[in-house]
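Biologist: I'd like to learn how to read side-chain and backbone features in a model. Can you walk me through this one?

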Amino acid sequence: MMLDSPEPTMHFAHITVQHDFTTDIKAKKGSFWLSSYYNNKPSIHSTINVAENTQGETVLFADNQTIVTAQLQERGNWLGVRVAMEGLEPVETVLKGPDECIQFGHQITSLGFAPSGGHLVVGGEEGSLGVYNTGSWTRTPAVFKGHVGDITTAKFFPSSTVLLTSATDLQVKVWDAVEGTCAMTMGAKNGGHTRPVVETGIIERGRNIVTAGKDGRLLLWEVKSASVIREICDAPVVGGDPIGAMAMGTAAVCLVSQQREKRRETDEREIGTSDKLCFVGTESGCLAGYDLGSDGGPILSLKATSNVGITACAYDSSQGLVAVGSSNGIKIYDLRNTGKAIASIKRNGASILNMSFVSKDFSAFGIEMLFSTEDGSCAHVSVGETVDIVSEFVGTDIEPLSGFSVSDPWLAVGGREGIVRVYESV
């Protein structure tokens with residue numbers, strides 16, 4: 001296993017605002033707090049006063065305007081802010097308040113937009129599941145009963161009418177998203193996981209799926225027969241080391257064909273895996289990548305973090321990039337040369353719980369990412385020679401944002417308080 005070469009970590013600020021700041025803006029009076037935090041720098045706290053001018057417009061002014069300025073954006077729930085921190089270049093970003101707030105009624109542990117964009121599935125504690133219409137943000141009549149553990153993943157199949165869920169009860173289930181009926185259950189009795197399932201991946205139309213578990217196993221399944229086709233694992237890399245995160249996608253164009261070993265003779269149940277890559281991060285900090293269409297060992301094997309486990313993983317096939325998140329921040333690797341991370345960034349010591357690369361179609365600055373953390377922050381950053389905060393998604397309390405899903409143009413997050421907050425993401 002390769003050891004990741006040290007890469008200087010770029011720190012970036014966390015700018016946040018009182019969660020109900022839009023109340024004062026709508027009333028055109030009152031005040032709210034705004035704070036900025038940065039590694040080893042004194043924090044900055046400001047009071048933003050709200051008033052109405054003679055033209056009936058809402059105006060904002062900070063009590064320390066030489067340090068903090070805030071301006072209401074065209075959208076009433078967005079604030080453009082500028083914070084001057086001692087010894088640093090001024091930080092400019094947009095604070096985005098939620099466009100919708102959905103009361104789920106249970107602690108939220110997973111979120112997933114349908115590929116069609118028409119629905120959002122919400123998973124929570126003790127097997128709670130619900131599907132919401134994104135046109136009205138109302139819950140559909142479907143009732144889902146079957147899981148007895150907390151939902152760990154909830155996502156739609158490409159048809160947008162079928163759900164795939166996993167939970168701490170060791171089960172993976174397939175559901176009719178309209179009727180709420182369970183069509184298939186895959187568990188330990190089928191050769192499945194003996195510890196909680198932490199992530200799932202759907203291959204093409206969904207005849208095959210991949211699951212990753214705390215038992216250190218990475219499994220390829222045929223859904224129709226609820227049977228394990230094979231175990232995708234290399235003992236020195238995973239071999240019982242609990243998996244903390246997984247990401248999967250099409251093989252990057254930048255990976256030349258000679259890097260791939262000969263094709264396996266596949267089981268007739270295996271469909272659509274020939275061009276798929278799967279990456280896992282473990283609780284001991286190892287990052288491993290597997291070519292599902294090859295007989296060879298891992299295409300990537302390195303120690304990505306020291307003394308902390310990997311809690312999030314993301315893969316961008318268009319750029320050939322893979323990223324891992326932990327309490328040490330985010331590390332980004334180029335698959336053409338994985339000996340050293342091309343970027344290492346950190347906000348604070350809160351674990352990264354979820355992250356996603358921003359599509360290159362929407363990326364204006366190169367490498368851009370969305371992420372959520374265990375201390376309730378969620379942001380869109382651009383990574384280059386420095387880290388620029390494109391936007392902060394505000395309005396949440398200080399709690400783990402375990403639920404996270406992105407679908408143009410929306411970002412949805414949720415956590416312990418049981419509220420799904422939906423934002424315009426890009």
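Modeller: Let's begin with burial: a residue is called buried under 20% relative accessible area, exposed over 50%, and partly exposed in between. Keep in mind that this is a predicted model. Tryptophan 410, at 25% relative accessibility, therefore counts as partly exposed.

Biologist: And is tryptophan 137 buried or exposed?

Modeller: Tryptophan 137 is buried, because its relative accessible area is 11%.

Biologist: How do I describe a pair of aromatic rings?

Modeller: You give the distance of the centres and the angle of the planes. In this structure, the whole search turns up six aromatic pairs. One of them joins tryptophan 137 and tryptophan 410: the centres are 6.0 Å apart and the planes stand at 90 degrees, which is edge-to-face.

Biologist: Where do tryptophan 137 and tryptophan 410 sit in the chain?

Modeller: Tryptophan 137 is in the loop between strand S13 (129-133) and strand S14 (138-139), while tryptophan 410 is in strand S36 (residues 410-414). They are 273 residues apart, so the pair links distant parts of the chain.

Biologist: Why is the pair of phenylalanine 144 and tryptophan 175 called edge-to-face?

Modeller: Because the planes of phenylalanine 144 and tryptophan 175 are at 85 degrees, and anything over 60 gets that label. Their ring centres are 5.5 Å apart. Phenylalanine 144 lies in the loop between S14 and strand S15 (151-156) and tryptophan 175 in strand S17 (residues 172-176), so this pair ties together parts 31 residues apart in sequence.

Biologist: On to cysteines. How many disulfides does a search of the whole structure find?

Modeller: A disulfide is a covalent bond between the sulfur atoms of two cysteines. The search here finds zero.

Biologist: What about phi at glutamate 126 and alanine 226?

Modeller: Glutamate 126 has a positive phi, near 50 degrees, and alanine 226 has one of about 55 degrees. Glutamate 126 is in the loop between strand S12 (119-124) and S13, and is exposed at 63% relative accessible area. Alanine 226 is in the loop between strand S21 (218-222) and strand S22 (227-231), and is buried at 6%.

Biologist: Last one: which residues touch the most other members of the largest nonpolar core?

Modeller: In soluble globular proteins, nonpolar side chains tend to be buried together. The largest core here has 41 residues, and the ones touching the most other members are Leu34, Leu79, Ile330, Ile332, Met355, Met369 and Val381. Leaving aside neighbours within four places in sequence, the contacts of leucine 79 include Val17, Phe21, Phe32 and Leu95. Apart from that core lies another of 17 residues, among them Leu287, Cys313, Tyr315 and Tyr333.

Key. Residues numbered from 1 in each chain as written. Predicted model: local features only at pLDDT ≥ 70, side-chain atom pairs only at ≥ 80, totals over all residues. Heavy atoms only, no water. Disulfide = S-S within 2.5 Å. Phe/Tyr/Trp six-rings, centres within 6.5 Å; stacked < 30°, edge-to-face > 60°. Helix = DSSP H or I, 4+ residues; strand = E, 2+ residues; numbered from the N terminus. Buried < 20%, exposed > 50% of the residue type's maximum accessible area, 1.4 Å probe, protein only. Core = buried A, V, L, I, M, F, W, Y, C linked by side-chain atoms within 4.5 Å. Contact = heavy atoms within 4.5 Å.
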